[in-house]
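Have the model open beside you as you read.

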Amino acid sequence: MARVQLVIPDEDRERYAHQARREGLSLSAWLRAAARERLLRRQQIRPFRSPADVEAFFRQCDALDGPATEPGWDEHLAAIDESRRRGASDT
């Protein structure tokens, strides 16, 4: 297995290490998993090749289950504030 040295700000290291502990992983394992997830997401992205592709995309989005309307800005702010108070995100 190869060894890689990574230079990151102390604040980022603390945040990453905290999240790794919450997930029961070492920092090294967490960073590997994060990199793997990013690669998978990037490999799944297909650029639109035509206006028909864009229209098909939005038809698929419209067909997804979800709320009939978006929450108002006040609701978004309340969710953000609650998340900050708990120190975690539900999203």
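Predicted model: local features only at pLDDT ≥ 70, side-chain atom pairs only at ≥ 80, totals over all residues.

## Salt bridges at a glance

How many salt bridges does the structure hold? There are four, a salt bridge being a side-chain nitrogen of Lys or Arg within 4 Å of a carboxyl oxygen of Asp or Glu.

Residues are numbered from 1 along each chain as its sequence is written, and side-chain values use heavy atoms, with hydrogens and water left out.

## Pairs in and around helix α1

Let's begin with Arg-15, which forms a salt bridge with Asp-12 through N and O atoms 3.1 Å apart at their closest. Both residues belong to helix α1 (residues 10-22), where three residues, about one turn of the helix, separate them. Helices here are DSSP runs (H or I, at least four residues), numbered from the N terminus.

Buried means under 20% relative accessible area, exposed over 50%, and partly exposed in between (1.4 Å probe, protein chains only). Another salt bridge joins Glu-14 to Arg-13, with 3.4 Å between the closest N and O atoms. Glu-14 is partly exposed, at 46%, and Arg-13 is partly exposed too, at 37%.

In helix α4 (residues 73-86), Arg-85 and Glu-82 sit three residues apart, about one helical turn. Their side chains meet in a salt bridge of 3.0 Å, N to O. Arg-85 is exposed, with a relative accessible area of 61%, while Glu-82 is partly exposed, at 32%. Arg-86 joins these two in a network of salt bridges.

## The largest pocket

A pocket is an open set of points on a 1 Å grid over the protein atoms alone, where a 1.4 Å probe fits, with protein on both sides within 12 Å along at least five of seven lines; lining residues have an atom within 4 Å of a point.

Among the lining residues are Met-1, Val-4, Ile-8 and Arg-13. Helix α2 (residues 27-44) gives the largest share of the lining, four residues. By type, the lining divides into seven nonpolar, one polar and three charged residues. Ala, Val, Leu, Ile, Met, Phe, Trp, Tyr, Cys and Pro count as nonpolar, Asp, Glu, Lys and Arg as charged, and the others, Gly among them, as polar.

Terms used: Helix = DSSP H or I, 4+ residues; strand = E, 2+ residues; numbered from the N terminus.
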